Amino acid sequence: MKRTAFSKATASLLLLAFHQNIVAQDRAQDHNSSRSNKTASRSLPANAWQFALGSGASFAVKSNEGSLFRGNSIATKMSGQYNFGTVGLGFNSGMMPGTVNNAAISSFLTERKFPADAIISSTRALNAYVLFGPTFSFGKQVMVNAQLGGGMFYNNAGSVNIGQQGATRALYRFDAGTKNLFPGAGGSIQLAYPVNKSTRFFINTDYLQTKSSIRLFDPQRGIDVPVEQNRDVKMF
């Protein structure tokens, strides 16, 4: 089968509003000095583990055929980092199920002049990832955490099938391709305000970039036999 790679952006904004940190120090004096009211800095102490777990809304910035009609959904994220002062090493993993944007499909039907009573069926997309890389922490009362990472993604593009009443041949269809694992990279930045010694309220945004595989059937554009394609996936 012919394999074609081209760039299409799928963008979403991930807002995680609350997490809990579990911090462990090797030395008691490090813990006491970092939490003392007399210290001017609230930066994470050296040799400290920090973990976070959160969930929030994932908003599609643009949804059309190029982004496979990606809609809004709920996303989850887990992260951890080991700090050597302001610099550390960390990981983050997450899962972002995707919904289908019905408004985007309606616009696509109009654009392609497909029948208004076309039969539409779909399955949900799913993106999951594990990334590793350096972390950076700064700040006093309000803490700024940043992380860069690379790793592996599991990407399933889901499917959309547009058919016509009484016809066995689809007007348009894409399904998940034969490959699900792709390398990828990302970065995140987080603003965190301490609620107490182990909990922070935060706002987090991520940028993720990877690829996703689909099998596309689009007779109107001359693709009469399903063709496997790789599409760039970019998410905020």
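Which residue in β12 stands opposite Y154? The first legend below has the answer. This is a predicted model, in which local features need pLDDT of at least 70 and side-chain atom pairs count only at pLDDT 80 or more, while totals for chains, interfaces and linings use all residues. Residues are numbered from 1 along each chain as its sequence is written, and side-chain values use heavy atoms, with hydrogens and water left out.

**View 1. Strand β12 pairs with β9 and with β13.** Let's start with the strands. Helices (H or I, at least four residues) and strands (E, at least two) are DSSP runs numbered from the N terminus, and two strands pair if DSSP finds at least two bridges between them. Strand β9 (residues 143-156) runs antiparallel to strand β12 (residues 181-194), and 12 bridges join them. Here Y154 stands opposite L181 in β12. Strand β12 also pairs with strand β13 (residues 199-218), again in the antiparallel sense, over 10 bridges. Look for A185, whose bridge partner in β13 is Q209.

**View 2. D218 and R112 meet in a salt bridge.** A salt bridge here is a side-chain nitrogen of Lys or Arg within 4 Å of a carboxyl oxygen of Asp or Glu, and the whole structure holds 6 of them. In this one, N and O are 2.9 Å apart. The pair links distant parts of the chain: D218 belongs to strand β13 and R112 to helix α2 (residues 102-112), 106 residues apart. D218 counts as buried because its relative accessibility is 3%, and R112 counts as buried at 6%.

**View 3. Two further salt bridges join D224 to R169 and R173 to D175.** The closest N and O atoms of D224 and R169 are 3.3 Å apart. This pair also links distant parts of the chain, with D224 in strand β14 (residues 223-235) and R169 in the loop between β10 (159-163) and β11 (172-176), 55 residues apart. D224 is partly exposed at 45% relative accessibility, and R169 is partly exposed at 47%. For R173 and D175, the closest N and O atoms are 3.0 Å apart. R173 is partly exposed, with a relative accessible area of 23%, and so is D175, with 27%.

**View 4. D206 makes polar contacts with K77 and N204.** You will find D206 in strand β13. A polar contact is a pair of N or O atoms within 3.5 Å; within protein, one must be able to donate a hydrogen and the other to accept it, and residues adjacent in sequence count only if both atoms are side-chain atoms. The side chains of D206 and K77 are joined by a contact of 2.8 Å, and those of D206 and N204 by one of 2.5 Å. D206 is buried because its relative accessible area is 4%.

**View 5. The largest cavity holds about 190 Å³ of space.** On a 1 Å grid over the protein atoms alone, a cavity is a set of points where a 1.4 Å probe fits but cannot get out, and lining residues have an atom within 4 Å of a point. A search of the whole structure finds 4 cavities of 30 Å³ or more. Of the 24 residues that line the largest one, the closest to its centre are S67, L68, R70, A125 and A157. Elements giving two or more residues to this lining are β8 (125-139), β10 and β14. By class, the lining has 9 nonpolar, 10 polar and 5 charged residues; Ala, Val, Leu, Ile, Met, Phe, Trp, Tyr, Cys and Pro count as nonpolar, Asp, Glu, Lys and Arg as charged, and the others, Gly among them, as polar.

**View 6. L68 and K113 have positive phi values.** Most residues other than glycine have a negative phi. L68, in the loop between β4 and β5, has a phi near 60 degrees. L68 is buried at 15% relative accessibility. K113 has a positive phi of about 60 degrees and sits in the loop between α2 and β7 (119-123). K113 is exposed, with a relative accessible area of 72%.

Terms used
Buried < 20%, exposed > 50% of the residue type's maximum accessible area, 1.4 Å probe, protein only. 1 Å grid on protein atoms, 1.4 Å probe; cavity = no way out; pocket = protein on both sides within 12 Å on 5 of 7 lines; lining within 4 Å. Points joined across faces, edges and corners; volume = space filled by probe spheres on them.
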